[in-house]
Each structure stands twice: as structure tokens, then as C-alpha cells.
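Here is a short briefing on a pocket and a chain-to-chain contact. Keep the structure open as you read.

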Amino acid sequence: MSLLTMAYRNIFRNKRRSLLSGIAILIATMSILLLFGLIDGMKDDMKKNLIDFYLGNIRIRNAQYTAYEHLNPLMLGVPLSSSMNALAGIEGIDTIAPRIKLPAGLIRDTETGLLIQAVDFEVEKKFQHIDVYLKEGRLPESPDAREIVLTKWLLNKLNVNLNDKITLLIQTKTGGTNAMTFRICGVLEYPVAMLNSSSAYIPLRVGQYFARMDDLVTEILIKTKPAVDEKLMAQTIKMLPELQRDYEIKTWKEINEIYSFFEMAQGIYIVIAIVFFILASTVIINTTLMVVFERMKEIGTLGALGMEGGEITKLFFLEALIIACVAAFLGAIAGNIVGIPLAIYGIDFSGAMQGISMEVSGVVRLKLSLVNTVLVFCYSIIVSACAVLIPSRQAAHIKPIQALRST
Amino acid sequence: MLNKITKCVVSSVAVIFVAVLVQAQSAEDIIRRYEQNQNIKTMSASGKIVIYNQFGIQEKAFKIWSRGTDDSLIVFTSKDESGQKILRSKKAVYLYYPDAEEIIRLQGAALRNSLAGSDLSYEDMTGGKSILDQYVIESISEEVIDTTACWVIKIKAKVNDIPYPIQKLWIDKKTYALKKSEAYSLAEKLLKTVYVKDYTSIGGFVIPSHIVVQDNLKKQTKTELILETIRINEALDPNLFSLQNLSM
């Protein structure tokens, strides 16, 4: 009879104990798979939000703008016409979205602050799919319409309604002030809490006139076509004579530190997963140790019959390994079964995300992948196997005489 | 002996007290003379604000009309601010912008905002009340600034709702015009410095015509306020300082 057959049969000698060990591995595998799915889902969501709403794949700004951003330095802008002409010749660009960020005050009984962005709505339909997030009303009718779209959250905060008129006070490029009256023509609702608390859009041309920007914009966002290397493209843009000096050209990853933190955190999560598996493996270690002590006479008999110490180790190791393999497999399947509805419908964190400055959507969808499933399955088996090696080796050190004498 | 010493001390204290009293009175007189110099019935002028900051130099042209110490109207004439108006009445500051359908009444914290991006705030425009109604004199001394002999009078607010709780005024001994002023917070932190570079003498009044203002809470900024073509005590349209006129 082969060792494998013997080990397999031994599993069923105490079904409850084997089941307990299996369940521990199964739960660990399933949980880690779901955790990895959640982190991947968050990362994907954050990447999409950062590119679509905030930074594009590449952002062009005046080199000094970021340093003085707190002072709203509109004079440190990017010339729109010459930049657009220069960018037109570059292959691989999908959309170019020029924007002007304007901190504004709504003067009513008290001054309420909000950040308005002057954008080209036709471009934004393609860039951030702004029309998809329009819940009521419409987008401004023309590039010269003095109309504004606000988020529902801002509408409530400012205590105004659709079609109301609001007068906003801003600082102009030359440091002076200007006020303009806008009709609220549309209401937006974004999936990201941070966007909902700050998004208000006016037409780009109106914004340029309002802030006396002439041909300047505060930033130009570029969305690349799929499979285009954004780093390489950023380098190409930096070589353009029109944008060679005085401009900051960065990819979204270079700008956003939180995403980089996510990537770093992923490494930490792998360590956490290993610790989690080791904890789960204590159950199987415990079970194997109990089996070794329980079958002391049997080990003695096997030794007396001529079975080598290594073979005895293998026997117990195989027994635990079979349990770990089956449990990890079932855990991976269970993880995917639980994960599929969470990947479709997502987990609602919107309550917890309110007031948090993070570009993650309120509803986060899990991202399940075959790579993660195989990786977690293998982790589970490797960690369990390593853990079970210790008690299995103990069985090999037992002398047949001592084993046979034991009660 | 003891009686003599007591008498001596009492008489010395009395002399010092009388001297301080005399000086305090003269400080009040100086303030009154200084305010008298500002007591112009009407004034109109054109001028410019030159703002220096880390981003360069900005120039904004304007016309100004004032009536007494309470009412004034500023109309900007430079390209970027063309048509913008600031009306100050006894009660409030109002802003008119050609692209806004409503007149903005500034109050509370909004008054602390910068006027046209300069080192001046709207708050600096408010309050036509006499200095002596709002402040008490803390001390008086003398100093020469740029060959101009000045009284240096330190005043402390006796009311709460005031932009600058403590001020130091350098008043020209000859003309009783302001040469320099420093505004401080209650904790005596320097908030703003005003320095008068040039004056225009007209109709017996000495009017500061080139003023340098520095907001000491900001870095690398200063504002020059230059008044040209000053005319005083001419008849002005009584509706000039009305809200109705603001949006016309």
C-alpha cells in the first residue's frame, strides 16, 4: 500500500478533527482571497477616479503653480491655444481636457466657499462622462452660457435649487475680484464622496472671461489611448518646444501619493496574509500533533516493521497536505462564489467615506482574478505544508520500543 | 525731615501727573488737528493702485469720490476691473460687478478680504468715526522720519468691534498730516504698515497722495496707492453715493 493511500485513509479515521483543520484553512483562503479582491477593487476604482475626474493620465501645469496653489495663482497658467496645437501632433492621445480651477465664494447671508472648475463640457462628456452623472436638468447650453452645474450635495449645502440664480465672487488672474451671476442648469451626483462635496462646473470660455484669464488655463489633462505607455508619452510631451520649459508634466501616479501608498500597502497585505495562514495552520499543527500522540503505538509498529523515519514523516505530512489542498481548493471556490455578487453589486462604504479626502467611490466592487485565486491557493498550501512539517518530523524521532511501551 | 520728604515726593508726583496730563491733552489735540486736516467736505480724484507681490506688479486705475468721512465711491477704470464699483456708506460696504445681477453687501469676515488683490482690505475703508471715540491714547513721543519731525502717538481701542486694536500714528509736527502708521493686534503683532511718501496741498488741506501699504501678514507684498488730479470741496451729485446709482 502506498504512503499516499495510507495518508488518505488516515484522514477519515477521525473525520471531525480533519474537518476542523480543513475548515480553518478554507476560511483563511476564502478571507484572504476576498481581501485581495477588495484591495484590487479599491485600487482599480481609485485609478479610474483619479484619471477620469482629477488628473487624467498626464497633467500639464505651470511649474510653479503647485508650490503656490494655496494662493490661487491664476497668473501661473498654461497657454491653451499653443499647447493644444503642440499636443495635436502627438500619437496616442485620446482626449485633452483643459480646466481652470477657481475657488469661489457664494455671497448670501454669509460667505460660503466652493471650488468651481471651468471646463469644456463637450470634452468632459468624453473625458469624465459628465453627462452620465447628470441627475437633473442639463449641461450648459453653449460655451458662452452663464450656467453652472452643481452636485446635489452642494445644492443642499448652499440651500439653492435647480434653475435658481447664484452670484459667485472669485479672485481674478491679476489678483482683483470679480463676481458673476449663474443659473443652476444641472445637478450632478458622483460616486465619489470627495467629488460630491466640491464639484461645480461652468463653461471654459465663461471661466476664462470671469477670471480674466485670456488664453490661460490652470491645467491641461490628457487621457491616453489604451495600451499607451503614459510615462513615455509624458517624456514626449516634455520634449515639445512649446512645453519644454516652465511646465510641470507628470503622470497621475507621480502626482497622487495615496495610490502609491496603496501599491506599497499591497506588499504589507501579502505579509498579513501569510500571518493569517500561519494562524489558521495552528489548527492543523495541533491536529497533526494530536494524531502523532494518539497513534504512538501505530508509529512504533510501523517502525518495528521497518518503516524508515523519513517515511513516517512523509505519511503524516501527506495526511495534512491532502487536508490543506482540499480545504484551500474549496476555500478558493467559496471565495469566488462569495466574491461574485460583491464584484457585481459592490460593498457600500458611502457612509464611512463621507468627509474622507480619498478618491475612492462610496460603493467599492471587488476585483476577482484568476491570478489572485491561484496565488492565494498556492500560498495556502505552501504555508500549511511548512507549518505541518514540524509535528510530522516529531513522529519520525519516536523510537519503536518507546512507542510500543506507551499506553 | 520726614514731612519734607513726603512733601517733596507728593509735589514730584503731582508735577509728573500734571506733565502726563498736559501731554495726554496735547496728544488729543494732535489727533484732533490731524482729523481736522481730513475734514474735507467733498473730494474727487483719479488714481491707481500698484500691487507688488511674488507674481509681479499689477496696476489698477480708479476714480474716487468722497463726501465727509462716511461716504465714498470707487469706480475702477482699468481693463480687467472696468466698471467695478465699491460704495462705502456709514453703514456698510457694497460691491458692484457689471457681470453680477446682484449687489454684494460685505459684512463680517468678508470685510477682511483684500481690496482688488492689494494689501488694503475693505475693512480699511470702513469707519468714519473719530479716533478719539474709538481709541484711548496710550503714549506720546517724538521721532524723525525721513527728515520729518513727527509725534508718535500710540492708541488702544476702547471698543471691541474694531479691525486694529492697537495703532501707532506718526503725525507730522508741521502739517498734522499722517506720515506713517502701524496697526497691531491685541497681542501687539504687527498687522499693517502705512507710509505716506508724498502729499498734495490743496485748499489749505494736506492730502496724502502717494501711500505705501504693507500687509505684514503676507509675504513679499506691498501696495502703492497713488492719487492724481485731486479736487476738493466741489459740488457732487447727491445720488452719487446711493445704492440705486451703484448699478447704473
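The lining of the second largest pocket is made up of 16 polar, 14 nonpolar and 4 charged residues. This is a predicted model.

**Second largest pocket**
- The space in this pocket comes to about 790 Å³.
- Its lining counts 34 residues, and those closest to the centre are L71(A), Q171(A), G175(A), S114(B) and K218(B).
- Chain A gives two or more lining residues from each of β3 (93-107) and β7 (165-171).

**Extent of the interface**
- Chain A brings 23 residues to the contact, and chain B brings 21.
- Between them, the two chains bury about 1,900 Å². Carbon and sulfur atoms carry 47% of that area.
- On the chain B side, F55(B), D80(B) and D99(B) lose the most area to chain A. Together they hold 35% of what that side buries.

**Polar and charged links**
- The interface of chain B and chain A has 2 salt bridges.
- D99(B) pairs with R146(A) through their side chains in a salt bridge, at 3.2 Å from N to O. D99(B) is also among the residues of chain B that lose the most area.
- Polar contacts join 12 residue pairs across the interface, with both residues at pLDDT 80 or more.
- β2 (56-67) and β6 (104-106) of chain B each supply at least two residues of the side that touches chain A.
- That side of chain B has 8 charged, 7 nonpolar and 6 polar residues.

Definitions and conventions:
Residues are numbered from 1 along each chain as its sequence is written. Chains are lettered from A and ligands numbered from 1 in the order in which they are written. This is a predicted model: local features need pLDDT of at least 70, side-chain atom pairs count only at pLDDT 80 or more; totals for chains, interfaces and linings use all residues. Side-chain values use heavy atoms; hydrogens and water are left out. On a 1 Å grid over the protein atoms alone, a cavity is a set of points where a 1.4 Å probe fits but cannot get out, and a pocket is an open set with protein on both sides within 12 Å along at least five of seven lines; lining residues have an atom within 4 Å of a point. Grid points are joined across faces, edges and corners, and a volume is the space filled by probe spheres set on the points. Helices (H or I, at least four residues) and strands (E, at least two) are DSSP runs, numbered from the N terminus. Ala, Val, Leu, Ile, Met, Phe, Trp, Tyr, Cys and Pro count as nonpolar, Asp, Glu, Lys and Arg as charged, and the others, Gly among them, as polar. Contact means heavy atoms within 4.5 Å. Buried area is the accessible area (1.4 Å probe) that two parts lose on being put together, summed over both. A salt bridge is a side-chain nitrogen of Lys or Arg within 4 Å of a carboxyl oxygen of Asp or Glu. A polar contact is a pair of N or O atoms within 3.5 Å; within protein, one must be able to donate a hydrogen and the other to accept it, and residues adjacent in sequence count only if both atoms are side-chain atoms.
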